[in-house]
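Biologist: I would like to learn how to read a model of this kind. Please take the features one at a time.

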Amino acid sequence: MSLPPILADRLRLPLIGAPMFILSGPELVIAQCKAGIVGSFPSLNARPIEQLDEWLIQIKAELAEWDQQNPDQLSAPFAVNQIVHRSNVRLEEDVALCVKHEVPIVITSLGARVEVFEAIHSYGGIVLHDVINDRFAHKAIEKGADGLIAVAAGAGGHAGPLSPFALIQDIRKWFDGPLLLSGCIATGQAILAAQAMGADLAYAGSMFIATEEARAVADYKQMVVDCDASSIVNSNLFTGIHGNYLAPSIRKAGLDPDHLPVSDPSAMNFGSGGSSDAKAWKDIWGCGQGIGAVEAVLPVTELVEKLRAQYDAAKDALK
């Protein structure tokens, strides 16, 4: 298992901050990269599309300035997430902006398309594709993805149904390229466990909701702090695809999280609420099962330092 230089040489912790719809903006991405982990955001967070151009200029400029001032602690690369689903009418334009700015890492979701992979490869960028099972993993690699993100049970947002043990095991039978693991990761110990299982890097988002730089409202951040795994509800009502959400936010929207109806998958609509009047992710707040480890709203720098200390202590304990 070997990582490309872009992922092997600039990380101070083997972690990518997962892109979070609505919540990930330039402030969070820049803070994550300065702290030594990959920061990422969904391109659809930049609205209108002209804002995506502005965000990419801002991120590149601030990280370049940081690197100039901190040559012994260079920033990690950043990533942009592209939703490769037919409902995303902006995909072609967003990919073109990634090419224009030579975004180093692109994360693709909900569809693997050769033309997207080729566009990113045209300037030397790499593509990581998220998958929930081995069949989708094979398709992504066959179409040209450079690496895979195994989205296991318990992850925030559109989580997969499989145990991380089973998912990593199946993929590693045949794939020796870059492999990331997503699902319930919110401690340094969990990051090390992901590597022990066979992943190269961990991939986590929910714990970053409760950071000062995330674009979540204060109530959302506090709910993440106050809740644990028992507060997470899995439902396909809100987007047409099963995802994990905070039960208190569902109650706040006037729904019973213990008796949610099932949605028609054809109602899939990112951000418009599927078959429910409550909107994901504005009203119904996504989150993964690992948040029991989140104890306070922190700056990204402080959270990453905490994770690094836990990671190093866990490694030392195994010696």
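Biologist: In which helix is Ala 309 found?

Modeller: Helices (H or I, at least four residues) and strands (E, at least two) are DSSP runs, numbered from the N terminus. Ala 309 is found in helix α11. This is a predicted model, in which local features need pLDDT of at least 70, side-chain atom pairs count only at pLDDT 80 or more, and totals for chains, interfaces and linings use all residues. Residues are numbered from 1 along each chain as its sequence is written, and side-chain values use heavy atoms, with hydrogens and water left out.

Biologist: Is Ala 309 buried, partly exposed or exposed?

Modeller: Buried means under 20% relative accessible area, exposed over 50%, and partly exposed in between (1.4 Å probe, protein chains only). Ala 309 has a relative accessible area of 47%, so it is partly exposed. Its C-alpha atom is separated by 34 Å from that of Cys 98, which is 211 residues apart from it along the chain.

Biologist: Which residues of α11 are buried?

Modeller: They are Val 300, Leu 303, Val 304, Leu 307, Tyr 311 and Ala 314. Seen down the axis of α11, these fall within an arc of 95° (taken from the directions from the helix axis to the C-beta atoms), so they line one face of the helix. Contact means heavy atoms within 4.5 Å. The buried residues of α11 pack against β1 (15–17), α2 (26–35) and α8 (188–197).

Biologist: Where does helix α4 place its buried residues?

Modeller: In α4 (residues 91–100), Leu 91, Asp 94, Val 95, Leu 97 and Cys 98 are buried. They cover an arc of only 155° around the axis, so they are on the same side of α4. Exposed residues Glu 92 and Lys 100 are carried on the face turned away from that buried side. The buried residues pack against α3, β3, β4 and α5 (114–121). After α4 comes Glu 102, with a positive phi near 50°.

Biologist: What is the order of the strands in the open sheet?

Modeller: Two strands pair if DSSP finds at least two bridges between them. The open sheet has eight strands in the order β1-β8-β7-β6-β5-β4-β3-β2, with parallel pairing. β1 and β2 (39–42) are the edge strands, each pairing on one side only. Within the sheet, β7 (residues 179–182) and β8 (residues 201–204) pair in the parallel sense over three bridges; Leu 181 has Ala 202 in β8 as its bridge partner.

Biologist: Is Ser 109 buried or exposed?

Modeller: Ser 109 is found in strand β4 (residues 105–109). Its relative accessibility is 6%, so it counts as buried. Leaving aside neighbours within four places in sequence, the residues in contact with Ser 109 include Asn 81, His 129 and Asp 130.

Biologist: Which residues of β10 are buried on each side?

Modeller: In a regular strand the side chains alternate between the two faces of the sheet. In β10 (residues 243–246), Gly 243 and Tyr 245 on one side and Asn 244 and Leu 246 on the other are all buried. Strand β9 (residues 232–235) pairs with β10 in the antiparallel sense over four bridges, and Ile 232 stands opposite Leu 246.

Biologist: What pLDDT does the chain average?

Modeller: pLDDT is the predictor's confidence in each residue, from 0 to 100. The chain averages 93, and 95% of the residues score at least 70. Over residues 267–276 the pLDDT is below 50, although this stretch has 34 contacts in the model beyond near neighbours in sequence. Where pLDDT is low, the predicted coordinates should not be read in detail.
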